[in-house]
Amino acid sequence: MPTSALRLPPSGSSYDLLVIGGGITGAGVARDAALRGLHVLLAEKDDFAAGTSSRSSRLIHGGLRYLEHGQLELVFEASGERRRLLRLAPHLVRPLRFVWPVYDGARVPFWKVRAGVTLYDALAMFRNVHRHRKLSAAGVAAEEPMVARAGLRGGVSYYDAATDDARLTLANVLDAERAGATVLNHVAVEELTVQRGRVTGARLGDRLAGGSVEIAARAVVNAAGPWSDAVRRLEGAGAGRRVRGSKGAHILVPRSRVGNHGALTLLSPSDGRVMFALPAGAFTVFGTTDTFTDASPDEVRASEDDVAYLLQAAGAFFPEARLARGDVVSAWAGIRPLVATSAGHPSAASREHAIETTAAGVIAITGGKLTTYRIMARQVVDLACRRVAGGRPCVTAHAPLPDDGPARDAACAADARAGARIIPELEWRWGELRWGVEQAHARTLGDLLIRRTKLAFETRDHGLSVAPDVAGYVAPLLGWDAAAARAEVGRYAAEVRRIFGVDGGAGR
Ligand SMILES: Cc1cc2nc3c(=O)[nH]c(=O)nc-3n(C[C@H](O)[C@H](O)[C@H](O)COP(=O)(O)OP(=O)(O)OC[C@H]3O[C@@H](n4cnc5c(N)ncnc54)[C@H](O)[C@@H]3O)c2cc1C
């Protein structure tokens, strides 16, 4: 029997809290609740972080851009979380210095950029990594020699922080598990049990091994991000739309072609939106777009128009790179689960979160940011504790997130192959795959190559050429025979098309 068949809990099991969705929001809720002593089940229909939480710009940031929209409270809160996460998870969240070059005639003039970073430091209570600095044009050129010089007025440098979104999510999942939660990936909430108008449990289906069970829960949290309206419909009520999806795409190109030293904040030459060029090892990520979408979150990917928009910006600020479509190693997109808004453009829509208890008693959370997940989780779990009349006070403000680095390294020290790189040009090692399966709930090639490592983002074929070898390597660990391993390679090819395929034009 495949090991996965043993993963569902016995039918009739009972929990204090069922969390639906294993993105950063659900993972944070599960961890917070488990650390408070609640008996928690986290169900994720795909892999942990497979939704928006592996498609972000990977920033833990105050959100300098939100100052333009007057969202001072959000910036204050997010800046506090940035400081906290830098302290509680230094292995996952590290300081990132940005240079913002300012050009003549820019939509945001130099004085406003300087006023903005001054306010940004103030909202961080002057406790950011370092304070901002004003740069002359020569100063910008010294920091970023490849950046366009024509019309350069000067700039500023300021600090935010970078993370690995999928790994941050996984760290929360694994810590929830350590604190006693049952955490299940590839297990969907297929139905909600409604008794006398209240949700009292759910039917869970294992999407890989098959089989389903019914469980009972005293409280239920809908943390399904862009899917949360679909989960809401399982309650049976004619629930209206609470989430408005905004699509955001990124492209990844070799950093040696761009020549950026660090991170840059840029204004799109076509519509003046704030964008980023972000260092990612040997690569530079350009992002993001921001367009309302009704696309299914299961099928969202970048379009050729998204790629062209991002390449245009990259080309304007790094003209000597002469970047072309062929330089794009990969492109992907995610959906921001924004609280339903009447804003005309998604960039103007609030990134704040909303928590609501539905008529059937489900605690539903929408919106928010990767950066503010811990606060969102605390507020949700406060409500859940009231519902179940139990649980201790929140401890996540001071509880460090565990570091999976030593366990990864130990897996890579197991034998000579484990320590070797899967692909010579990239840092990912075979032993990390073993760690992924044995200690981090990886059950598919996508779990391993897209979310436990980032190999799929960093190769033009998204790991397809190594997929058969990878399947052979993990087959004994996952109980796959030769036919199952072959089938898994086929499944992986479909997942790669789903995430990294680029739709034809007119897709933004
Ligand atoms: C392009 C882009 C860039 C961004 N950049 C940043 C950034 O740099 N910094 C920042 O702070 N924020 C950023 N964000 C915002 C941030 O990424 C999101 O707010 C956050 O990841 C949302 O997490 P979530 O858990 O709510 O949703 P998701 O990560 O989408 O998780 C929801 C999960 O629910 C699961 N699910 C759905 N239905 C079911 C079901 N029936 N049963 C079980 N599971 C189910 C899904 O499979 C999914 O994994 C960005 C967003 C985008 C799109």
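Mentor: A residue counts as buried if 20 or more other C-beta atoms lie within 10 Å of its own, and as exposed if 12 or fewer do. The model here is predicted. Apply the cut-off to helix 13, residues 445–452.

Trainee: Which residues of helix 13 are buried?

Mentor: L445, G446, D447, L448, L449, I450, R451 and R452.

Trainee: What makes helix 13 largely enclosed by the rest of the structure?

Mentor: The count. Of its 8 residues, 8 are buried, so helix 13 is largely enclosed. The buried residues pack against helix 5 (165–178), helix 12, helix 14 and helix 15 (482–500).

Trainee: Take helix 14. Why is helix 13 called roughly perpendicular to helix 14?

Mentor: Their axes come within 10 Å and cross at roughly 110°. The perpendicular class runs from 65 to 115 degrees. Therefore helix 13 is roughly perpendicular to helix 14. The crossing is right-handed.

Trainee: Which residues meet there?

Mentor: From helix 13, L445, L448 and L449. From helix 14, A467, V470, A471 and V474. By class, the contact has 7 nonpolar, no polar and no charged residues.

Trainee: At what angle do the axes of helix 12 and helix 14 cross?

Mentor: Roughly 35°, and the axes come within 10 Å. Helix 12 covers residues 430–439. This crossing is right-handed too.

Trainee: How do the residues of the contact of helix 12 with helix 14 divide?

Mentor: Into 8 nonpolar, no polar and 2 charged. Helix 12 brings W430, L433, R434, V437 and E438. Helix 14 brings V470, Y473, V474, L477 and L478. Arg and Glu are classed as charged, and R434 and E438 take part from helix 12.

Trainee: Now the backbone. Why is H462 called buried?

Mentor: H462 has 25 other C-beta atoms within 10 Å. The cut-off is 20 or more, so H462 qualifies. H462 lies in the loop between helix 13 and helix 14. Its phi is near 60°, a positive value in a residue other than glycine.

Trainee: Why is R322 called exposed?

Mentor: R322 has 9 C-beta neighbours inside 10 Å. The limit is 12 or fewer, so R322 counts as exposed. R322 is in the loop between helix 8 (304–317) and strand 16 (330–339). Phi of R322 is positive, about 45°, although R322 is not a glycine.

Trainee: How many residues has the largest nonpolar core?

Mentor: It has 150, and L17, L18, A30, V40, L42 and V221 have the most contacts inside it. Helix 9 (residues 373–388) gives the largest share, 8 residues.

Trainee: What does V221 touch?

Mentor: L17, V19, I20, V29, I363, I365, V380 and A384, leaving out residues up to four places away in sequence.

Terms used
Residues are numbered from 1 along each chain as its sequence is written. This is a predicted model: local features need pLDDT of at least 70, side-chain atom pairs count only at pLDDT 80 or more; totals for chains, interfaces and linings use all residues. A nonpolar core is a set of buried Ala, Val, Leu, Ile, Met, Phe, Trp, Tyr and Cys residues joined through C-beta atoms within 7 Å. Helices (H or I, at least four residues) and strands (E, at least two) are DSSP runs, numbered from the N terminus. Two residues are in contact if their C-beta atoms, placed from the backbone, lie within 7 Å. Axes are lines fitted to C-alpha atoms, for helices over the stretch in contact, and angles run from 0 to 180 degrees between N-to-C directions. Angles under 35 degrees count as roughly parallel, over 145 as roughly antiparallel, 65 to 115 as roughly perpendicular and the rest as oblique. A crossing is left-handed if the near helix is turned anticlockwise from the far one by less than a right angle, and right-handed if clockwise.
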